[in-house]
Amino acid sequence: MVEIVKIDPETTISCVRLMEKINMSKAEGMAVGKAEGKAEQLIHQVCKKMKKNKTLAEIAEELEDEVSAIEPIYNIAKAFAPGYDPKLLVFERFLRETEVEKVRV
C-alpha cells in the first residue's frame, strides 16, 4: 500500500481524506459515548434520590444543577416508581425521548 501511495498522488489524497473521515467518525463516536455516560450517571443519581422521596427541586439543589436539566429525567423516572430502574428502563426511555446532546456535558 505504501508503494502505491508514493507513486500515485491521487491515491495519496484519497487516503488522507479517508483517514480524516475515520478520525472524525471516531471522535464523534467518542463524544456521543461520553455524553451517554454522563446522562446515565445523572439518571442513576436522580433515580437514587427519587427512591428517597426527594422532590425535583431538592434533587436539583443536591446535584447542584438546574431544575430544567433534571426535570426531563425526573418526569420519565416517575413512570417507573417505586423501582426506578435507572439502567434498563429510565435510561433507554430517556435516550428515545431526548437528544443526548442536550444533556450538559
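Which residues does isoleucine 73 touch, not counting residues up to four places away in sequence? Isoleucine 73 touches Leu42, Ile43, Val46 and Phe94, where contact means heavy atoms within 4.5 Å. The legends below take this residue and its surroundings in turn.

This is a predicted model, in which local features need pLDDT of at least 70, side-chain atom pairs count only at pLDDT 80 or more, and totals for chains, interfaces and linings use all residues. Residues are numbered from 1 along each chain as its sequence is written, and side-chain values use heavy atoms, with hydrogens and water left out.

**Figure 1. Overall fold of the chain.** The chain holds five helices and zero strands; both are DSSP runs numbered from the N terminus, helices being H or I with at least four residues and strands E with at least two. Along the sequence the pattern reads α-α-α-α-α. Of the 105 residues, 24% are buried (buried is under 20% relative accessible area, exposed over 50%, partly exposed in between, with a 1.4 Å probe and protein chains only). Among contacts between residues at least 6 apart in sequence, 47% join residues at least 24 apart. The accessible surface is about 7,700 Å², and 55% of it belongs to carbon and sulfur atoms. Areas come from the Shrake-Rupley method with a 1.4 Å probe; for residues, only the protein chains shown count as cover.

**Figure 2. Isoleucine 73 in helix H4.** Isoleucine 73 sits in H4, residues 67-78. Its relative accessibility is 1%, so it counts as buried.

**Figure 3. The buried side of H4.** H4 has 12 residues and reaches 15 Å from first to last C-alpha, close to the 16 Å expected at 1.5 Å a residue. The expected span is 1.5 Å times one less than the number of residues. Ile70, Ile73, Tyr74, Ile76 and Ala77 are buried in H4. These residues lie on the same side of H4 because they cover an arc of only 165 degrees around the axis. The arc is that of the directions from the helix axis to the C-beta atoms.

**Figure 4. The largest nonpolar core.** This core has 19 residues. A nonpolar core is a set of buried Ala, Val, Leu, Ile, Met, Phe, Trp, Tyr and Cys residues joined through side-chain atoms within 4.5 Å. Val46, Met50, Ile59 and Ile70 have the most contacts inside it. H2, H3, H4 and helix H5 (86-97) each supply at least two residues. H2 gives the most, with six. Isoleucine 70 touches Leu42, Val46, Leu56, Ile59, Ala60, Leu63 and Asp65, not counting residues up to four places away in sequence.

**Figure 5. Salt bridges at glutamate 62.** The count comes to two salt bridges, each a side-chain nitrogen of Lys or Arg within 4 Å of a carboxyl oxygen of Asp or Glu. In one, glutamate 62 meets lysine 49 at 2.8 Å, N to O. Glutamate 62 lies in helix H3 (residues 56-62) and lysine 49 in helix H2 (residues 9-51), so the pair ties together parts 13 residues apart in sequence. Lysine 54 also bridges to glutamate 62, with the closest N and O atoms 2.8 Å apart. Lysine 54 is partly exposed at 25% relative accessibility. Shared partners join Lys49, Lys54 and Glu62 into one network of salt bridges.
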